[in-house]
Amino acid sequence: EPAQITGQWQCQGSDEMVRFSGTSDYRADGTLHTIVDMNIEDDGKTLSYHVEANGTWQLKDQRIEDTSQATLLERRHSADTQAWLAESEDAQLLESLTYSGLEAMLAEPKTDSIGIKSLSQNTMLLEDDTFKAECTRLK
């Protein structure tokens, strides 16, 4: 039932080489606001990005279906990663390609369908193929 999902959730999880944490606000009117910090591991180094998006959502067959459009993409690299980028042209190329790939992926509205593995009043587990997230209700 959509009322079980409605509210603000703090989630963390992973999808292949990406670890993420953030909040998703599933509103009763079917709109959605998401803020995510993602860390992409590569060769022992971590590239960090901040993404904000707005969209719509609905509950369908134990899945959350959403369509969202990114409104913000920012680099949020640690001092360690910034030092690595400053000294390595290969690192700069990797980061530039990663950022450009994210930019292209986020340029158009994106539709997702994520399975709800379990749901209680205050916790929600989402899972699909390589994607896994543990969420805790904030309000």
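**A strand barrel with packed helices and a pocket**

Helix H3 (residues 89–107) lies across strand E3 (31–42), strand E4 (45–60) and strand E5 (63–75), and runs at about 135 degrees to E5. Helices (H or I, at least four residues) and strands (E, at least two) are DSSP runs numbered from the N terminus; axes are lines fitted to C-alpha atoms, for helices over the stretch in contact, and angles run from 0 to 180 degrees between N-to-C directions. The model is predicted, with local features requiring pLDDT of at least 70 and side-chain atom pairs counting only at pLDDT 80 or more, while totals for chains, interfaces and linings use all residues. Residues are numbered from 1 along each chain as its sequence is written, and side-chain values use heavy atoms, with hydrogens and water left out.

Helix H2 (residues 79–87) packs against H3 at an angle of about 115 degrees, the axes being 5 Å apart. The two helices, H2 and H3, are therefore roughly perpendicular to each other (the term covers angles of 65 to 115 degrees). To this contact (heavy atoms within 4.5 Å), H2 contributes Trp84, Leu85, Ala86 and Glu87, and H3 contributes Glu89, Ala91, Gln92, Leu94 and Glu95. By class, five of the residues in the contact of H2 with H3 are nonpolar, one is polar and three are charged; Ala, Val, Leu, Ile, Met, Phe, Trp, Tyr, Cys and Pro count as nonpolar, Asp, Glu, Lys and Arg as charged, and the others, Gly among them, as polar.

Eight strands close into a barrel in the order E1-E2-E3-E4-E5-E6-E7-E8, with antiparallel pairing (two strands pair if DSSP finds at least two bridges between them). On average, neighbouring strands of this sheet are turned by 30 degrees against each other, direction ignored. Strand E1 (residues 7–15) pairs with E2 over nine bridges in the antiparallel sense; Gln8 has Asp25 of E2 as its bridge partner, and Gln12 has Ser21 of E2. Two residues separate the strands in the hairpin of E1 and E2, where Glu16 takes a positive phi near 55 degrees. E2 and E3 run antiparallel and are joined by nine bridges, with Ser24 opposite Thr34 in E3. Their hairpin has four residues between the strands, and Gly30 takes a positive phi near 90 degrees there.

The largest pocket has a volume of about 970 Å³. Of its 36 lining residues, Val36, Met38, Lys110, Asp112 and Phe131 are the closest to its centre. A pocket is an open set of points on a 1 Å grid over the protein atoms alone, where a 1.4 Å probe fits, with protein on both sides within 12 Å along at least five of seven lines; lining residues have an atom within 4 Å of a point. Grid points are joined across faces, edges and corners, and a volume is the space filled by probe spheres set on the points. Strand E2 (residues 18–26) gives the most to the lining of the largest pocket, with seven residues.

How values were computed: Angles under 35 degrees count as roughly parallel, over 145 as roughly antiparallel, 65 to 115 as roughly perpendicular and the rest as oblique.
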